[in-house]
Amino acid sequence: MDAPLDPELAAWVGEVPATDLRDVRAARELERRTLERLPPYEPGRRLTVTDIALPGPRRGAPAPGVTARVYAPAGRTGPLPGLLYLHGGGFALGGVASVDSPARRLADRADVVVVNVRFRLAPEHPYPAALDDCYAALEWAAGPGGEAYGIDPARIGVLGESTGGGLAAALALLARDRGGPRLAAQFLDAPVLDDRLDSVSMRTIADATLWQAANQPLVWSYYLSGTAEPGSVDVPLYAAPARAWPTDLTGLPPAGVTTYQIDPVRDEGLGYALHLIEAGVPTEVHHYGTAFHLAHALPGTAIGARIHADRVSAIHRQLTTPPPTPTT
């Protein structure tokens, strides 16, 4: 049975052009034109916005093409939480500009320093390039670079949307396993986590607005090129975190997982949340029963405003309160 769609979101059906990743260049141009139609976010207070080049992981030299845009609330009186923001786009689309407005919204309303990461894209740069770049951003945020922008290294979270959500989940795993900077929280919004494409939602939800199931085989073929055949036993856990068992997820930071009813990747997000819970990771799940993939990206809807408010509330709960001082 088809799920009901929020009436305000239903008005967008047919207005948002479908993404076709068979021609990456054309898809990127369509994304650019679509972004031009969206109204910019006007913050209620002054933000300091700076573009920076990021060094490579544990190296002094910058990684090729890896930059970030840092949004810091002006007039702060002490360190603030930091939030790495990892955009979506099927590993092949997106960039700093694609989430500039929501990054400004988060810095303004959640009172955090947002680091909007421009990681390298597939198919030109397949796995693990994007994950390496995200790890470099985490090291920067937790070090002197982030401190200069007012980031408290004890309160750094990562927020990822769609394929960025998959990267955020992988980053939490990688940081734990490398003994790297400690993440205080992971926020996974409609995360793309599973190359096997065998969930019920992936098989039955084909023509959803904003993201279509037909793209998923291409998403994974671009990202895993040169590493493994999508769906094979050789796909690394850091590339497709849905392959993790609960025993692989112990010791990860608290998680917030957001899913949408009318979304091909719905079930992989819910399944990953369940595995986190089984692993003992404190996990909150927000499921929107009348919405499609990343519905909050479209302006002017009440449900989109509610999703944004829920996101800010979750960030406040996980990052704004300083962690307790460890006892010895």
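What share of contacts between residues at least 6 apart in sequence join residues at least 24 apart? In this protein, the share is 78%. Contact here means heavy atoms within 4.5 Å.

Before you start, note that this is a predicted model, where local features need pLDDT of at least 70, side-chain atom pairs count only at pLDDT 80 or more, and totals for chains, interfaces and linings use all residues. Residues are numbered from 1 along each chain as its sequence is written, and side-chain values use heavy atoms, with hydrogens and water left out.

**Stop 1: the whole protein**

Show the cartoon. The protein has ten helices and eight strands. Both are DSSP runs, numbered from the N terminus: helices are H or I with at least four residues, strands are E with at least two. The radius of gyration is 18 Å, close to the 20 Å that the globule rule gives for 328 residues, so the protein is as compact as a globular protein of that length. That radius is taken over C-alpha atoms, and the rule is 2.2 Å times the number of residues to the power 0.38. Along the principal axes, the C-alpha trace spans about 55 × 45 × 40 Å.

Of the 328 residues, 53% count as buried. Buried means under 20% relative accessible area, exposed over 50%, and partly exposed in between (1.4 Å probe, protein chains only).

**Stop 2: the cores**

Select Leu 167, Leu 171, Tyr 223 and Tyr 272. These residues have the most contacts inside the largest nonpolar core, which has 85 residues. Helix H6 (residues 163–178) gives the largest share of this core, nine residues. A nonpolar core is a set of buried Ala, Val, Leu, Ile, Met, Phe, Trp, Tyr and Cys residues joined through side-chain atoms within 4.5 Å. In soluble globular proteins, nonpolar side chains tend to be buried together.

Zoom in on Tyr 272. Leaving aside neighbours within four places in sequence, its contacts include Ala 169, Leu 173, Pro 241 and Leu 252.

**Stop 3: Asp 108**

Select Asp 108, in helix H3 (residues 100–110). Is Asp 108 buried or exposed? Asp 108 counts as buried because its relative accessibility is 11%. Beyond four places in sequence, Asp 108 is in contact with Tyr 41, Pro 43, Gly 44, Arg 45 and Leu 47.

**Stop 4: backbone exceptions**

Most residues other than glycine have a negative phi, and most peptide bonds are trans. Look for the exceptions.

- Ala 122 and Pro 123 are joined by a cis peptide bond, with omega about 5°. Pro 123 sits in the loop between strand E4 (113–118) and helix H4 (129–141).
- Tyr 127 and Pro 128 are also joined by a cis peptide bond; omega is about 10°. Pro 128 is in the loop between E4 and H4.
- Phe 91 is not a glycine, yet its phi is positive, near 65°. Phe 91 lies in the loop between strand E3 (80–86) and H3. With 4% relative accessible area, Phe 91 is buried.
- Leu 197 has a positive phi of about 55°. Find Leu 197 in the loop between strand E6 (185–189) and helix H7 (200–204). At 24% relative accessibility, Leu 197 counts as partly exposed.
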